[in-house]
Amino acid sequence: MTEQDPRATTGGDGPSTGLRRVLAALAGLLAAAVALGVAELVAAVVGPASSPVVAVGDAAITLTPEPVKAFAIRNFGENDKIALIVGTLIVIAIYALVIGLVGLRSRRLGVAGILLFGLVGVVAAVTRPAGGILYGLPALVGALVGAVALLALLSPLQTRIPAGAATSEPGPAATPAPNGLAGRLRDALGAGDRKGAGMDRRRFFLTSGVAVGVAAVAGGGGRLLQQRFDVAGERGDLALPRPASPAPALPAGADLAPGIEGLTPLVTSNREFYRVDTAISVPQIRPSDYKLTLKGKFDSPQSYSLQQLFDRDDIIERDITLTCVSNEVGGRLAGTARWLGVPLGAFLRENGIGDDSDQLVCTSSDGMTIGAPTRSALEVEDAMLAFGMNGEPLPVEHGFPVRMLIPGLYGYVSACKWLTTIDATTFSAFDPYWVQRDWAAEAPIKVFSRIDTPAPLRQFPAGRRPIAGVAWAQTRGIARVEVRVDDEDWVEAELSPEVDADLWRQWVLPYDFATGQHALTVRATSKDGETQTEERAAPFPNGASGWHQIRVITT
């Protein structure tokens, strides 16, 4: 009897069959990697937003229920997009492993699975608000190449062994070559996990090496080539205009943070400024290509280049605090910057905005729609079309080259980034992106306060130390901040010098801590007399509310 070579199989459920299934799953994973790598290479021609991972991720954001989005923002914060991309890649990897196993049984089904994978990417890309038919090209080409890669990777795992042949290691001679390309393709699609099939491990690992190389070169090359769309260099070359109305100088001692460890600075650096939006691929708009178009209920709607906005003689500079509607009680999704731009009210009036418009639908270059109350745009003094942030052009991730700001409103109803269109319309005529998802159509920022230091659950020696934080109530200003320790009476904290009603205020209360556990609570009162409510509410649908309370331990 001829001794069987352990590297071959004649079917059945032996060790070689189990190994073949493992390698088939690996084949599916490698085929998906090739598909994604090639897709990234094609996306370098079409545009970064056409990448299947980006397109599917954007579609996932759109389709994700609001409670899940809130969970992601609450737990991942500004890293929610990274978490989404990682999650998308994990799902793709699991799907690819299954496709490899399916392809081992039926190559037709395996190829169909890869093509279905591509179809999902095509649909996700072409149905994006700013997408087009070419946006589907990366996913389509990637899927076709991925299908070929899957067939090539599975072929060594299903090498035919002629009847009566010795079960030695199969090689090229063990597999009769079909006649012509059509014959080879028919043989490839018709093969399956059957008796009489063996493995050519050497050929599998050689093919796998080629697949890894293609995926790495195509994917890495595609990512490098996509950098040609990057506008960071052109942004850096821009010279901002001087404001006709500069921001007031900060009074001496306006920022308490240098003297209090852990207290949030009065002004947030661009690097540290929070970012919450739905853009996985940040829009890249060349300054020379930028155009802001007005439409709808204007007497004389027209379009403006970035240079035309720069050339205006009414440019303003203001210190304004922004906060995200997703900010939880005590959350960090808030920040202050010195903004430079065109006064929004004057800009709208000179274009003859109609009295019958009560909503401005603002559209970003990636198709996001933000609805802002026309009344607020006209009446809030510091509302602006911003193109500068802390002395430099807007960072790309914060809306370069132009975004809208309306103090006193949460960003989802006022702060459209990468702004390209303003449509003067009505609330009854159109529901913007977030309103379609049941968020409130109008959302004024609530009175808010936060304890920055000491940190929650921190342990420190008993004795005197500061309790400090920030409070804000845009357009109204903060009049008073009170702190309560355990069940003691409320004590008024010291406020930083007031700069502007649109700017948050720092507060501090020195306190003598006794040994033990302590509950610290803060509340603020605005200048119009509204005291922050104790009633807890989640961010959905119009912003969180409630007093911020933490616990600390002193020894």
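By class, the lining of the second largest cavity in this predicted model comprises seven nonpolar and two polar residues, with no charged residue among them. The residues in question are Thr369, Ile370, Gly371, Tyr412, Val413, Pro432, Trp434, Val435 and Ala441. Two elements, β8 (369-373) and α13 (433-436), each give two or more residues to this lining. The largest contribution to the lining of the second largest cavity is that of β8, with three residues. The space inside the second largest cavity is about 30 Å³.

Two cavities of 30 Å³ or more were found when the whole structure was searched. The largest cavity holds about 50 Å³ of space. Its lining is formed by Thr323, Cys324, Val325, Asn327, Tyr410, Ile445, Lys446, Phe448, Trp472, Gly543 and Ala544. In terms of class, seven of the residues lining the largest cavity are nonpolar, three are polar and one is charged.

The elements α1 (15-46), α2 (52-63) and α4 (80-105) each supply two or more residues to the lining of the second largest pocket. Of the elements, α1 has the largest share of that lining, at three residues. The lining of the second largest pocket divides by class into 15 nonpolar, seven polar and five charged residues.

The chain as a whole was also described. The protein chain has 13 helices and 21 strands. Of its 555 residues, 53% are buried.

Several of the strands are arranged in open sheets. Five bridges connect β13 with strand β15 (residues 463-472) in the antiparallel sense. Within this pairing, Ser449 lies opposite Ala471 of β15, and Thr453 has Ala468 of β15 as its bridge partner. On β15, seven of the 10 residues are buried, so this strand is largely enclosed by the rest of the structure. The antiparallel pairing of β15 with strand β19 (residues 505-513) runs over nine bridges. There, Pro466 has Pro510 in β19 as its bridge partner.

A further open sheet consists of five strands with mixed pairing, in the order β14-β21-β20-β16-β17. The edge strands of the five-stranded sheet are β14 (459-460) and β17 (491-492), and each pairs on one side only. Seven bridges link strand β20 (residues 516-526) to strand β21 (residues 548-554), and the two strands are antiparallel. In this pair, Gly516 stands opposite Thr554 of β21.

Thr268 is located in the loop between α9 (232-237) and β3 (291-296). The relative accessible area of Thr268 is 12%, and because the cut-off for burial is under 20%, this residue counts as buried. With neighbours within four places in sequence left aside, Thr268 makes contact with Phe273, Gly335, Thr336, Asn390 and Trp504.

Methods
Residues are numbered from 1 along each chain as its sequence is written. This is a predicted model: local features need pLDDT of at least 70, side-chain atom pairs count only at pLDDT 80 or more; totals for chains, interfaces and linings use all residues. Side-chain values use heavy atoms; hydrogens and water are left out. Two strands pair if DSSP finds at least two bridges between them. Helices (H or I, at least four residues) and strands (E, at least two) are DSSP runs, numbered from the N terminus. Ala, Val, Leu, Ile, Met, Phe, Trp, Tyr, Cys and Pro count as nonpolar, Asp, Glu, Lys and Arg as charged, and the others, Gly among them, as polar. Buried means under 20% relative accessible area, exposed over 50%, partly exposed in between (1.4 Å probe, protein chains only). On a 1 Å grid over the protein atoms alone, a cavity is a set of points where a 1.4 Å probe fits but cannot get out, and a pocket is an open set with protein on both sides within 12 Å along at least five of seven lines; lining residues have an atom within 4 Å of a point. Grid points are joined across faces, edges and corners, and a volume is the space filled by probe spheres set on the points. Contact means heavy atoms within 4.5 Å.
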